[in-house]
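Please follow the account below with the sequence and the model side by side.

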Amino acid sequence: MGVLIAGGLVMQVYLAGLAVFGSPDGWAVHGMFGGSLAIPVIALACYGWFGADGKVYRRPASLLLLLYLLQLVLVGIGMETGMGWIAAVHPANAMVMLIAALDVVRRAPRAQSSRTVPPQAG
């Protein structure tokens with residue numbers, strides 16, 4: 001899940017670049033794709049809090065969810081108030097989100113190896 005989110009964040013950077021340097025429709029696509037990232041972010045947070053072996057992901061997944069919500073607030077407030085400097089924090093927050101997503105990826109092998117496999121009867 002962390003790889004999916006990290007890849008989605010990288011795609012968001014591409015879509016923002018496309019909007020800045022090319023297609024005027026790029027911002028709409030950037031917004032729609034960003035909205036769709038809510039699904040894996042929320043799913044990962046739920047797994048971290050309620051999954052049988054999700055405890056190892058709880059902190060970075062919770063942070064990722066909070067940062068995602070902050071993304072929405074930054075854009076919303078920045079656009080509503082006309083204060084571009086608030087919306088300008090949006091890309092910096094995305095970098096922090098990427099770090100949190102990569103922390104989830106880093107923890108994945110440890111979570112896999114910490115599972116105990118019951119011995120087979122034989």
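The following paragraphs lead through this structure step by step.

The model is a predicted one, in which local features need pLDDT of at least 70 and side-chain atom pairs count only at pLDDT 80 or more, while totals for chains, interfaces and linings use all residues. Residues are numbered from 1 along each chain as its sequence is written, and side-chain values use heavy atoms, with hydrogens and water left out.

The protein chain contains 6 helices and 0 strands; helices (H or I, at least four residues) and strands (E, at least two) are DSSP runs, numbered from the N terminus. Read along the sequence, the pattern is α-α-α-α-α-α. Of the 122 residues in the chain, 34% are buried, where buried means under 20% relative accessible area, exposed over 50%, and partly exposed in between (1.4 Å probe, protein chains only). A contact is defined by heavy atoms within 4.5 Å. Among the contacts in the chain with a separation of 6 or more, 57% involve residues 24 or more positions apart.

A nonpolar core is a set of buried Ala, Val, Leu, Ile, Met, Phe, Trp, Tyr and Cys residues joined through side-chain atoms within 4.5 Å. The largest such core has 16 residues, and those with the most contacts inside it are Ile-5, Leu-9, Leu-44, Leu-64, Tyr-68, Met-97 and Ala-101. Two or more residues of this core come from each of helix H1 (2-21), helix H3 (38-50), helix H4 (58-81) and helix H6 (89-114). Ile-5 illustrates the arrangement: not counting residues up to four places away in sequence, Ile-5 touches Pro-40, Val-41, Leu-44, Leu-64 and Ala-101.

The helix pairs come next. Two packed helices are described by the angle between their axes and the distance between the axes. Axes are lines fitted to C-alpha atoms, for helices over the stretch in contact, and angles run from 0 to 180 degrees between N-to-C directions. Angles under 35 degrees count as roughly parallel, over 145 as roughly antiparallel, 65 to 115 as roughly perpendicular and the rest as oblique.

H1 and helix H2 (residues 26-36) pack at an angle of about 165°, with their axes 8 Å apart. The two helices are therefore roughly antiparallel to each other. Their crossing is left-handed, a term that applies if the near helix is turned anticlockwise from the far one by less than a right angle, with right-handed used if clockwise. On the H1 side, the contact involves Gly-8, Met-11, Gln-12, Leu-15, Ala-16, Ala-19 and Val-20, which meet Gly-26, Trp-27, Val-29, His-30, Phe-33 and Gly-34 in H2. By class, these residues divide into 8 nonpolar, 5 polar and no charged; Ala, Val, Leu, Ile, Met, Phe, Trp, Tyr, Cys and Pro count as nonpolar, Asp, Glu, Lys and Arg as charged, and the others, Gly among them, as polar.

Between H2 and H3, the axes come within 4 Å and cross at roughly 20°. H2 and H3 are therefore roughly parallel to each other. Gly-34, Gly-35 and Ser-36 of H2 make this contact with Ala-38, Ile-39 and Pro-40 of H3, giving 3 nonpolar, 3 polar and no charged residues.

The axes of H3 and H4 come within 8 Å and cross at roughly 145°, and H3 passes H4 in a left-handed crossing. H3 contributes Ala-38, Val-41, Ile-42, Leu-44, Ala-45, Gly-48 and Trp-49 to the contact, and H4 contributes Arg-58, Ala-61, Ser-62, Leu-64, Leu-65 and Tyr-68. The classes here are 10 nonpolar, 2 polar and 1 charged.

Individual residues complete the picture. Leu-67, in helix H4, is buried, with a relative accessible area of 9%. Leaving aside neighbours within four places in sequence, Leu-67 is in contact with Asn-93, Val-96 and Met-97. Gln-71 also lies in helix H4 and is buried, with a relative accessible area of 9%. With residues up to four places away in sequence not counted, Gln-71 touches His-90, Asn-93, Ala-94 and Met-97.

Turning to exposed positions, Val-13 lies in helix H1 and counts as exposed at 59% relative accessibility. Ile-99, found in helix H6, is exposed, with a relative accessible area of 59%.
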